[in-house]
2 protein chains.
Amino acid sequence: MNHFDYIDQQILLQIREDARKPFSQIAEDLKISNSLVHQRIKKLKKKGVIDNAEFVVNERKIGYRTKSYVGIRLREARYAEEVVEGLKKIPEILECNYVSGNYALFILIFAVDNHHLREILYEQVHRIDGVAGTDSFICFDTNFRRPVALDSLAKQDFYE
Amino acid sequence: MNHFDYIDQQILLQIREDARKPFSQIAEDLKISNSLVHQRIKKLKKKGVIDNAEFVVNERKIGYRTKSYVGIRLREARYAEEVVEGLKKIPEILECNYVSGNYALFILIFAVDNHHLREILYEQVHRIDGVAGTDSFICFDTNFRRPVALDSLAKQDFYE
DNA sequence: GCTGAAACAAGTAGTGT
DNA sequence: ACACTACTTGTTTCAGC
């Protein structure tokens, strides 16, 4: 079985929204045996399509109220790796990407409040050697957030 | 029990990385009964600290190779809501935020490739009434990605 | 490639301290 | 607030089609 079929797609649709949904119930929904569900999920894991299951934590509820994307400009492009190492040490930075465009790096920060965000940027990020400056895009609100579409995937081969 | 204690913290640390970890094993690790694990997780859900469990899907493996953050400028600020509605209809847009700074909206796109990204922006986003322009920050690579820190949370009250 | 039954493991609820 | 027990449910494996 080396292609991604309807059953894989349906299982994926269900477990990515509820990773604790009983396999037996998925089986019932799809009218297949629960051992097949088990086999398919095993295959999806082996192929790297799915990794682990994670509980979604509401950051606000544990005290992080300020979400912000931040673009980082470097003094010189070759500082990139060192700067990434420096950023990694700041726990409030949850994501870090190399990007095209006006910035060399693009990060996601969750801070307690705006004051805390300012402190992280001015006292920590700006002091990393190689950082020329930052631009913050503070998120006032998240309008929506959703997983990738899976239509048009059935009957395809696995990628990569 | 109206505060967030050491047990809550430890449970949270474990399940957010592995939502399918057996409660009985968590109980064993923390040397508590598994019914307590059950009670605490129930409480964390009720308080809204955790929501559902999700399987992490590797977007690349299902054919989405281009990840990009995109800042959107509006012709006039009052178009914001309409534009959000328009963006919602484009399935490749996985996240949409109201932000401070140079852009009104900030979105996350997963496209098949750069060509597909261009098409989404030029044929779809730019045609939404109210959109003045966009700036793309294509992610060449994600250096790291991690959940929020939980230190300093134990013995705190729940937020909100 | 898939099913079904059997063995095993985990989730849940109630009761008592 | 917690643990223990009994009960229900889900997971996993494997022989057989």
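A:Y69, A:Y103, A:F106, A:F137, B:Y69, B:Y103, B:F106 and B:F137 belong to one aromatic cluster. The model is predicted, so local features need pLDDT of at least 70 and side-chain atom pairs count only at pLDDT 80 or more, while totals for chains, interfaces and linings use all residues; side-chain values rest on heavy atoms, with hydrogens and water left out. Residues are numbered from 1 along each chain as its sequence is written, and chains are lettered from A and ligands numbered from 1 in the order in which they are written. Chain A can be superposed on chain B with an RMSD of 0.0 Å.

**Aromatic pairs**

- Rings of Phe, Tyr and Trp (for Trp, its six-membered ring) pair if their centres lie within 6.5 Å; planes under 30 degrees apart count as stacked, over 60 as edge-to-face and the rest as tilted.
- By this rule, the count over all chains is 18 aromatic pairs.
- The pair of A:Y103 and A:F106 is tilted, because the ring centres are 6.2 Å apart and the planes stand at 50°.
- A:Y103 has 6% relative accessibility and counts as buried, and A:F106 is likewise buried, at 0%. Buried means under 20% relative accessible area, exposed over 50% and partly exposed in between (1.4 Å probe, protein chains only).
- The rings of A:F137 and B:Y103 also form a tilted pair, with centres 5.4 Å apart and planes at 35°.
- This pair crosses between chains: A:F137 is in strand β6 (residues 131-145) of chain A, and B:Y103 is in the loop between β4 (93-99) and β5 (105-111) of chain B. Both A:F137 and B:Y103 are buried.

**Charges over rings**

- A charge sits over a ring if NZ of Lys or CZ of Arg is within 6 Å of the ring centre and within 35 degrees of the ring normal.
- In chain A, the charged end of A:R78 is placed over the ring of A:Y79, at 5.1 Å from the ring centre.
- In chain B, B:R118 lies over the face of B:Y122, with 5.3 Å to the ring centre.

**Relation of the two chains**

- The superposition is by least squares on the C-alpha atoms of residues with pLDDT of at least 70 in both copies.
- The C-alpha of chain A nearest the axis belongs to A:E54, 2.7 Å from it.
- The copies meet through the same surface, because 100% of the interface residues of chain A are also interface residues in chain B.

**Architecture of chain A**

- Chain A holds five helices and seven strands. Helices (H or I, at least four residues) and strands (E, at least two) are DSSP runs, numbered from the N terminus.
- The order of the elements from the N terminus is β-α-α-α-β-β-α-β-β-α-β-β.
- Chain A is more spread out than a compact globule, because its radius of gyration is 21 Å, well over the 15 Å that the globule rule gives for 160 residues. The radius is taken over C-alpha atoms, and the rule is 2.2 Å times the number of residues to the power 0.38.
- Along the principal axes, the C-alpha atoms of chain A fill a box of roughly 60 × 35 × 25 Å.
- Of the 160 residues in chain A, 49% are buried.
- Among contacts in chain A between residues at least 6 apart in sequence, 68% join residues at least 24 apart. Contact means heavy atoms within 4.5 Å.

**Individual residues**

- A:L108, in strand β5 (residues 105-111) of chain A, counts as buried at 9% relative accessibility.
- Not counting residues up to four places away in sequence, A:L108 touches residues including A:Y69, A:I93 and A:L94.
- A:I90 is placed in the loop between α4 (80-88) and β4 (93-99) of chain A and is buried, at 3% relative accessibility.
- Beyond residues up to four places away in sequence, A:I90 touches A:I120, A:Q124, A:V125, A:I128 and B:R146.
- A:K31, in the loop between α2 (23-30) and α3 (34-46) of chain A, has a phi near 55°, a positive value in a residue other than glycine. Most residues other than glycine have a negative phi.
- A:K31 counts as exposed at 74% relative accessibility, and B:K31 counts as exposed at 73%.
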